[in-house]
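Please keep the sequence and the structure in view while reading.

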Amino acid sequence: MDLFEYQGKQFFARYGIPVSPGDLARTPEEAVAVAERLGYPVVVKAQVQVGGRGKAGGIKLAADAAETRAHAASILGMDIKGHRVEVLWIELASDIAAEYYASFTLDRLAKQHLGMLSSRGGVDIEQVAAEDPDAIARILVDPVDGLDEARCRDWVEAAGLDRAAVDGAVDILGKLYRAYVDGDADLVEINPLILTTDGVVRALDAKVSLDANAIFRHPDYKEYDATQVRDARERAAHEKGLQYVGLDGDVGVIANGAGLAMATVDIVHQVGGRPANFLDIGGGASADVMAGALEVITSDPNVRSILINIFGGITKGEEVANGIVAALARVRIEPPIVIRLDGTNADQGRDILRPHLSERLELAPTMIAAAKRAVALASAVAPAPGGSSTGEEDR
Ligand code: GDP
Ligand code: MN
């Protein structure tokens with residue numbers, strides 16, 4: 001769950017991390033009203049969940065009301081790497097003496113938290129890592145031990161921040177670690193962490209990604225879930241309660257269970273195809289669920305074949321088959337469908353499907369055969385603008 005900068009700053013503030021005062025604005029007039037309250041100069045900041053807003057012209061300093069209005073008007077509606085700016089964050093501008101980088105995330109290989117700190121902030125950290133890897137001081141923190149102040153201070157020394165920034169940075173990094181752990185974040189990043197000309201250290205930007213599985217511990221995170229940026233397909237799937245992740249291939253994938261869905265995505269790759277999505281329909285495979293899954297998948301114009309991979313455990317084969325048949329009677333599906341149905345009562349399920357088979361609906365005996373067939377169909381089908389049906393009523 002990614003937060004906007006302003007939400008990330010509110011999140012930081014709860015843990016005592018200093019940020020600049022500011023407020024949201026949705027129109028140039030609101031921007032001026034906020035600026036008048038804060039005093040000048042202010043920074044007008046595009047709120048989109050993508051980095052490099054500064055370079056894209058989405059961050060502008062304004063010295064007075066006229067400049068604030070002009071910048072707000074030009075940034076609102078701007079497209080930054082495919083994200084449209086609808087909200088601005090207006091904050092009191094800082095006088096910057098130095099820009100640093102700080103973050104915590106999980107190092108899955110080390111099974112520990114990874115802290116990264118650099119005296120080269122304000123720029124793309126990937127670029128720093130590529131050009132000058134020694135400019136990033138890393139620490140691994142065992143979650144059981146935590147991060148004590150002495151170790152944190154050594155880390156700051158190792159990163160070579162300016163002397164005047166050391167105490168402030170140690171304080172902020174301790175708080176950032178608490179925010180990361182207690183807030184159940186997957187990532188907390190401050191870029192830039194600044195030293196001001198009057199010797200204060202504070203967070204000038206905030207990139208926070210929270211673990212959506214921890215919402216039960218933080219009921220207030222529902223508000224962040226509500227502002228999540230999802231593409232149209234993901235939004236439709238989310239509303240239907242389906243676990244859907246859009247990918248960029250052309251073979252639509254439906255499977256029951258996250259493990260089988262991942263294996264299906266893998267096998268499509270293995271036989272030379274490209275999955276259009278990951279979609280786990282979970283335990284049941286009722287007509288409702290199946291119809292919803294097919295609707296979501298076919299709303300993606302890139303999908304040229306569909307692979308339904310069901311292994312019945314508690315879910316019985318005949319229920320799945322009935323669900324598919326009923327769903328196909330309800331939703332009109334253009335791309336050809338290949339079904340692999342195995343597990344509990346698979347024979348009964350296949351018997352139910354058999355009378356409905358056609359060149360648009362096929363059964364395959366195994367998972368790999370189904371994947372090969374779906375991939376072959378995806379590469380064979382010419383994109384059909386307005387796609388006319390072949391007149392088969394019961395496919
Ligand atoms: P990003 O480009 O999306 O990472 O947006 P940031 O919030 O990090 O801002 C980009 C750059 O704008 C920073 O690295 C600063 O150099 C500059 N900037 C942002 N806020 C201020 C400010 O209050 N004062 C000054 N002087 N520069 C700022
Ligand atoms: Mn930044």
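**Ligand contacts**

In this predicted model, a polar backbone atom of Asn 191 lies 3.1 Å from an oxygen atom of ligand 1.

**The shell around ligand 1**

- The largest pocket is the space that ligand 1 takes up.
- There are 16 residues around ligand 1, and those that come nearest are Lys 45, Arg 53, Gly 54, Ser 94 and Glu 99.
- By residue class, the shell holds seven nonpolar, five polar and four charged residues.
- Four strands each supply at least two shell residues: β2 (42-46), β3 (59-62), β7 (96-107) and β10 (185-196).

**Domains**

- The chain is divided into domain 1 (21-92), domain 2 (96-224) and domain 3 (232-378).
- Domain 1 and domain 2 each give at least three residues to the shell around ligand 1.
- The centres of domain 2 and domain 3, taken over C-alpha atoms, are separated by 42 Å.

**Backbone geometry**

- Which peptide bond is cis, with omega near 10°? The bond is the one from Asn 191 to Pro 192.
- Pro 192 belongs to strand β10, a strand that supplies at least two residues of the ligand shell.
- Where is Pro 41 found? Pro 41 is in the loop between α2 (28-38) and β2, and β2 is another strand with at least two residues in the shell.
- Lys 111 is a residue other than glycine with a positive phi, near 55°.
- The position of Lys 111 is in the loop between β7 and β8 (112-118). Strand β7 likewise supplies at least two residues of the shell around ligand 1.

Key: Residues are numbered from 1 along each chain as its sequence is written. Chains are lettered from A and ligands numbered from 1 in the order in which they are written. This is a predicted model: local features need pLDDT of at least 70, side-chain atom pairs count only at pLDDT 80 or more; totals for chains, interfaces and linings use all residues. Side-chain values use heavy atoms; hydrogens and water are left out. A residue is near a molecule or strand if one of its heavy atoms lies within 4 Å of it. A polar contact is a pair of N or O atoms within 3.5 Å; within protein, one must be able to donate a hydrogen and the other to accept it, and residues adjacent in sequence count only if both atoms are side-chain atoms. On a 1 Å grid over the protein atoms alone, a cavity is a set of points where a 1.4 Å probe fits but cannot get out, and a pocket is an open set with protein on both sides within 12 Å along at least five of seven lines; lining residues have an atom within 4 Å of a point. A molecule sits in a cavity or pocket if more than half of its atoms lie within 2 Å of its grid points. Ala, Val, Leu, Ile, Met, Phe, Trp, Tyr, Cys and Pro count as nonpolar, Asp, Glu, Lys and Arg as charged, and the others, Gly among them, as polar. Domain bounds come from an automatic or database domain assignment.
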